[in-house]
Amino acid sequence: MPLLERWDEDPEVRVSGDDDWWDWDAELAVPAPWVEHLIAELDGRPLGFVQLLDAVAEPTGYWGDVAPGSWAIDIWIGAAADRGRGHGTRMLMAAVERCVVHHGATEVLVDPLAANVRAHRFYRRAGFLPVGSRRLGGDDCLVHRYAPGG
């Protein structure tokens, strides 16, 4: 948890979300069948964080009315020195593959802030397409969708 909290303080990580930061104690306290938390590693060294969640089963209804088989991803590289080296793309594609292969996802969603143009470009380069602006939680987001095989 100290590593995740330290990553949360990085200005480039903070720009990806609002002021409502993750409560890691609560987030990691009780495993749930609808969420998976992963630490990406490079040569045994922690590199970044990935959360996969079943957008239908997630109990708060955050994702709204989504089709069965919809999974969502949160992803970030922790240390600034590790950004811009292709690690995020590899992490993202591994996360998408895990959603599809292990969880049977038929679509994968991401919700970067509407103002985070850099994230929009990143997801589009990876094959995600914008599906619309939405207010999710307290954030204005531009939801992107990846349809495996389509």
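## Confidence first

Of all the elements in this predicted model, strand 4 (residues 107-110) comes out with the highest mean pLDDT, 97, while helix 2 (residues 11-14) has the lowest, 57. That score is the predictor's confidence in each residue, on a scale from 0 to 100. For the protein as a whole the mean pLDDT is 85, with 82% of residues at 70 or more. Where pLDDT is low, the predicted coordinates should not be read in detail.

Residues are numbered from 1 along each chain as its sequence is written, and side-chain values use heavy atoms, with hydrogens and water left out. Because this is a predicted model, local features need pLDDT of at least 70 and side-chain atom pairs count only at pLDDT 80 or more, whereas totals for chains, interfaces and linings use all residues.

## The overall layout

The protein has five helices and six strands. Both kinds of element are DSSP runs numbered from the N terminus: helices are H or I with at least four residues, strands are E with at least two. Walk along the sequence and you get α-α-α-β-β-β-α-β-α-β-β.

Of the 150 residues, 41% are buried. Here buried means under 20% relative accessible area, exposed means over 50%, and partly exposed is in between (1.4 Å probe, protein chains only). As for contacts (heavy atoms within 4.5 Å), take those between residues at least 6 apart in sequence: 57% of them join residues at least 24 apart.

Strands count as paired if DSSP finds at least two bridges between them. Strand 4 has a partner in strand 3 (residues 70-77), running parallel to it with three bridges; Ala72 has Leu109 of strand 4 as its bridge partner. Strand 4 also pairs with strand 6, this time antiparallel and again over three bridges, with Val108 opposite Tyr146. Both faces of strand 4 are covered: Glu107 and Leu109 are buried on one side, Val108 and Val110 on the other.

Strand 6 has another antiparallel neighbour in strand 5, and seven bridges join the two. In that pairing, Pro130 sits across from His144. The hairpin of strands 5 and 6 has two residues between the strands, and Gly137 takes a positive phi near 60° there. Strand 6 is mostly covered, with six of its eight residues buried.

## His144, a buried histidine

His144 is part of strand 6. Its relative accessible area is 0%, so this histidine counts as buried. The His144 side chain reaches the backbone oxygen of Leu142 at 2.9 Å. That is a polar contact, meaning a pair of N or O atoms within 3.5 Å; within protein, one must be able to donate a hydrogen and the other to accept it, and residues adjacent in sequence count only if both atoms are side-chain atoms.

Leaving aside residues up to four places away in sequence, His144 touches a list of neighbours that includes Val108, Leu109 and Val110, along with His120, Tyr123, Phe128 and Pro130.

## An aromatic cluster

Searching the whole structure turns up five aromatic pairs. Rings of Phe, Tyr and Trp (its six-membered ring) pair if their centres lie within 6.5 Å; planes under 30 degrees apart are stacked, over 60 edge-to-face, and the rest tilted. Phe122 and Tyr123 make an edge-to-face pair, at 5.1 Å centre to centre and 65° between the planes. Both of these residues are buried.

Phe128 and Tyr146 make a tilted pair, because their planes are at 45°, with the centres 5.2 Å apart. Phe128 lies in the loop between helix 5 (117-125) and strand 5 (129-136), and Tyr146 in strand 6 (residues 139-146), so this pair ties together parts 18 residues apart in sequence. Phe128 and Tyr146 are both buried. Ring pairs link Phe122, Tyr123, Phe128 and Tyr146 into a cluster.

Asp43 lies in the loop between strand 1 (35-42) and strand 2 (45-54). Its phi is near 55°, a positive value in a residue other than glycine. With 78% relative accessibility, Asp43 counts as exposed.
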